[in-house]
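Below are some notes for a first reading. Please keep the structure open while going through the points.

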Amino acid sequence: MIRMIVRRLLIGLFVMWGAASVIFIIVRAAPGDPVTVFLGPDASREQIDRLTAALGLDRPLYEQYVSYLGDVLRLDFGESYRLGRPAMEAVLERLPATIDLTLTATAIAVIAGLALGLLAGRRPGGAVDRVVSAATIALQSFPTFWVGIMLVLTFALGLRLLPSAGVGTPAHLVLPAVTLALPFTAIVARLTRSSITEAMSEPYVQTARSKGLTERQVLLGHALRNSLIPVVTIVGLQMGALMGGAVIVENVFAWPGLGSLVVGAVANRDYAVVQAVTLLIAGIVMVLNLAADVLYTRLDPRIRTEARS
Amino acid sequence: MGEPLTAPRATTAAPLLRADGLTVDLPAPGGGEPVRVVDGVTFDVPAGTTVGLIGESGSGKTMTALAVIGLLPERAATGGELAWRGENLLRPGTDWHRVRGHEIAMIFQDPLAALNPSLTIGRQVGEILRRAGRPRAEVRRAVADLLDRVGVPDPVRRMDAYPHELSGGLRQRAMIALALAGSPSLLLADEPTTALDVTVQARILRLLRSIQQEQGLAMLLVSHDLRVVAHVADEAVVMYAGRVAERGPAGATLRRPAHPYTRALVASVPAVRTRTALADPLPGAPATPANRPSGCAFHPRCSLARDRCRIEVPRTREVEPGRWSACHFAEEVIGS
């Protein structure tokens with residue numbers, strides 16, 4: 001188990017290097033550069049040259065790359081030219097808001113998804129199953145920003161039940177978290193449903209019934225535990241995607257997290273901030289995936305035995 | 001294979017279980033007319049005896065067993081009567097949660113698939129006791145005792161093992177302990193040795209036999225293997241295409257069959273110790289309930305078949321005291 005974790009972390013370092021390189025290339029390949037954005041169209045040649053040199057952008061690309069990697073290894077993620085402070089500092093300041101949002105969304109998605117999946121999977125082909133299936137397909141198909149706007153129109157502007165944007169009270173968290181959670185809920189629900197349906201046709205479920213257990217005891221005591229394994233894996237993987245979804249949702253709801261920071265940084269070609277956010281999210285996704293792997297070895301004793309040996 | 005031991009039998013009391021004209025209809029896979037997979041099956045399981053239910057795949061033997069414990073597929077329809085201590089289990093109000101495990105328990109064919117992979121052996125064996133509200137420590141003691149009784153060595157350690165950590169034989173022993181946990185009066189065993197190594201099979205059969213006798217359990221043993229039935233059963237019920245071909249004391253049934261199908265089955269079992277390695281295989285493919293031949297379902301494969309067999313479904317008659325056959329020419333078969 002320990003060996004597995006160490007090995008995964010080493011592979012993770014390699015992945016981080018890949019992520020750092022890709023984002024380094026992408027931000028520079030995108031049209032526009034920080035100097036033009038910062039100085040505007042009327043700047044003189046001399047001003048431009050001075051700022052370019054100050055930002056180190058006059059050096060050859062490979063030189064910039066090597067010094068960037070060296071800095072990252074020393075956990076120096078560069079200075080945001082726009083904010084005038086270390087990029088990672090600005091990023092870490094915004095991280096808690098994004099974590100609040102994604103954890104709340106995950107909690108909603110896991111609870112609602114498991115409940116819907118269980119209800120649907122109990123009787124495949126039944127009325128509940130058909131309603132849940134249709135609803136989950138719809139939820140997965142709608143784009144997040146559109147769902148967010150619809151929710152704002154309905155609950156904030158129409159019914160005036162919840163604030164439409166901003167932070168402050170737990171009520172402010174509801175709409176962005178629900179928006180972010182909806183497609184995720186659909187994924188968890190569909191997976192739970194198919195996983196439960198499959199488990200309920202396993203011979204050990206028949207054995208459980210032969211002990212005189214009620215259907216509820218069979219479902220919760222025998223089928224659910226085995227169907228959680230794929231669900232845990234997908235939750236771990238999807239939480240990474242959720243951080244991506246948060247970028248859009250945070251902008252719709254003016255939520256002061258990483259998402260709104262990174263959109264501003266991209267628009268202003270603030271390379272250091274974009275790179276810092278990317279590396280941070282890559283690191284979080286890596287840890288989450290590892291956590292999912294560790295957790296499912298806890299759920300499936302067959303994998304646990306393999307991991308031990 | 002040794003002779004079945006003839007257990008003393010109470011002839012006066014009503015049997016523990018009586019199947020009387022039991023029918024099971026399953027919906028056809030592609031829609032259309034339901035298929036009668038069990039067609040008018042009648043037999044008794046007296047308390048404390050072992051009844052062997054013999055047949056090829058598709059004969060309806062497993063469906064019959066599943067009907068007894070109420071675990072038929074959801075859309076199956078049943079008819080006839082299954083009297084448990086005189087009460088019909090097939091009537092609507094049956095409290096299956098009280099019957100299953102506590103009155104009738106079942107051992108399944110493949111213990112690896114039939115045990116939950118993510119729960120320890122001890123938890124699965126003890127579940128029925130814990131659900132009954134027994135305290136934890138007491139349940140653990142009872143489980144250790146059950147595992148010990150079915151011959152699991154070092155039961156206290158083994159109860160914390162997961163199914164995949166045990167050998168096939170130990171898994172099936174654990175499965176038997178699980179079935180015994182609720183102190184049932186009838187044990188259904190569906191091909192209990194088929195998934196096991198040949199060397200383990202005999203040991204598991206001996207265990208089932210000794211537990212059955214020590215505790216005065218009744219057992220309904222479902223098997224395609226005549227040798228298994230010959231070894232363990234007091235009574236034999238031979239099924240073909242969803243119907244009973246013949247039934248009677250196991251020894252007499254297998255020594256002097258009263259139905260050509262039983263005779264062909266016996267002839268198809270290779271005798272291990274002789275050099276005449278090839279036994280006579282049954283000619284033709286087994287009839288399935290979905291396209292059951294007219295008249296006697298066995299007639300297309302029967303060497304004695306005559307015109308009457310093609311037209312008239314044979315009535316099940318008592319051909320000798322205690323022996324029933326569904327062959328028009330049963331006397332001829334016994335005599336030959």
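1. This is a predicted model. Chain B is divided into domain 1, made of 17-103 + 184-335, and domain 2, which covers 118-174. Taken over C-alpha atoms, the centres of domain 1 of chain B and domain 2 of chain B are separated by 31 Å.

2. How many residues does the contact take from each of these domains? Domain 1 of chain B gives nine residues, and domain 2 of chain B gives seven residues. On the side of domain 1 of chain B that touches domain 2 of chain B, six residues are nonpolar, one is polar and two are charged.

3. Chain B has a mean pLDDT of 89, with 93% of its residues at 70 or more. Over residues 1-11 of chain B, however, pLDDT stays under 50, and the model has 21 contacts beyond four places in sequence for this stretch. For the model, the scores are ipTM 0.87 and pTM 0.80.

4. In chain A, look at helix α10 (residues 215-252) and helix α11 (residues 258-267), which pack with their axes 7 Å apart and at an angle of about 90°. Angles of 65 to 115 degrees count as roughly perpendicular, so α10(A) is roughly perpendicular to α11(A).

5. Which residues of the two helices meet? From α10(A) come Ala246(A), Val247(A), Ile248(A), Val249(A), Glu250(A) and Asn251(A), and they meet Gly259(A), Ser260(A), Val262(A) and Val263(A) of α11(A). Sorted by class, the contact of α10(A) with α11(A) has six nonpolar, three polar and one charged residues.

Methods:
Residues are numbered from 1 along each chain as its sequence is written. Chains are lettered from A and ligands numbered from 1 in the order in which they are written. This is a predicted model: local features need pLDDT of at least 70, side-chain atom pairs count only at pLDDT 80 or more; totals for chains, interfaces and linings use all residues. Axes are lines fitted to C-alpha atoms, for helices over the stretch in contact, and angles run from 0 to 180 degrees between N-to-C directions. Helices (H or I, at least four residues) and strands (E, at least two) are DSSP runs, numbered from the N terminus. Angles under 35 degrees count as roughly parallel, over 145 as roughly antiparallel, 65 to 115 as roughly perpendicular and the rest as oblique. Ala, Val, Leu, Ile, Met, Phe, Trp, Tyr, Cys and Pro count as nonpolar, Asp, Glu, Lys and Arg as charged, and the others, Gly among them, as polar. pLDDT is the predictor's confidence in each residue, from 0 to 100. Domain bounds come from an automatic or database domain assignment.
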